[in-house]
Amino acid sequence: MLSPREAYEAAQAKRVVLVDIRDAAEWADTGLPQGAVALSADAPAFEVRIAGLRLDNPGKRIVLIDRTGAQAVAVAQKLAGRGWRDLAGVRGGVLGPGGWLAERLPVAEYR
């Protein structure tokens with residue numbers, strides 16, 4: 001798990017691919033963490049699409065962010081069970097205690 005600030009700084013430095021796995025209603029409600037790719041874990045072909053992100057960003061860690069941190073851990077564990085490596089979640093997610101918004105990190109409007 002990364003802290004929100006660690007995830008933000010790594011994404012800004014292009015060392016990781018930050019993926020917001022919430023849904024469109026949540027993105028519209030809070031905005032997207034700055035630098036995050038919007039890819040709902042509930043979307044059809046989620047695993048295929050995240051594999052595409054990995055191919056487009058070789059050597060970069062995939063960092064998942066969700067509402068409070070729990071779903072990111074569950075998705076990372078599920079993918080790890082299928083052989084994925086170098087995945088992480090963001091502690092507190094977007095809305096949880098100590099999360100992205102609590103740390104006052106920037107968000108981008110979702111359209």
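Because five of the five residues of S1 are buried, the strand is largely enclosed by the rest of the structure. Strands here are DSSP runs of E with at least two residues, helices are runs of H or I with at least four, and both are numbered from the N terminus.

This is a predicted model, in which local features need pLDDT of at least 70 and side-chain atom pairs count only at pLDDT 80 or more, while totals for chains, interfaces and linings use all residues. Residues are numbered from 1 along each chain as its sequence is written, and side-chain values use heavy atoms, leaving out hydrogens and water.

S4 pairs with S1 in the parallel sense over five bridges; strands count as paired if DSSP finds at least two bridges between them. Opposite Val16 stands Arg61 of S4. S3 also pairs with S1 in the parallel sense, over two bridges, and Val37 in S3 is the bridge partner of Val19.

Now select helix H1, residues 4–12, whose buried residues are Pro4, Ala7, Tyr8, Ala10 and Ala11. These buried residues pack against S1 and S4, with contact meaning heavy atoms within 4.5 Å. Just after H1, find Lys14, which takes a positive phi of about 65 degrees.

Move to the largest nonpolar core, which has 16 residues. Such a core is a set of buried Ala, Val, Leu, Ile, Met, Phe, Trp, Tyr and Cys residues joined through side-chain atoms within 4.5 Å. Val19, Ile21, Phe46, Ile50, Ile62, Leu64 and Val75 touch the most other members. The largest share, four residues, comes from H4. Another core, of 15 residues, lies apart from this one and includes Leu2, Ala88, Val90 and Val94.

Finish at Ser40, in the loop between S3 (37–38) and H3. Is Ser40 buried or exposed? Ser40 is buried, with a relative accessible area of 12%. Leaving aside neighbours within four places in sequence, Ser40 is in contact with Asp20, Ile21, Arg22, Asp23, Trp27 and Phe46.

Conventions. Buried < 20%, exposed > 50% of the residue type's maximum accessible area, 1.4 Å probe, protein only.
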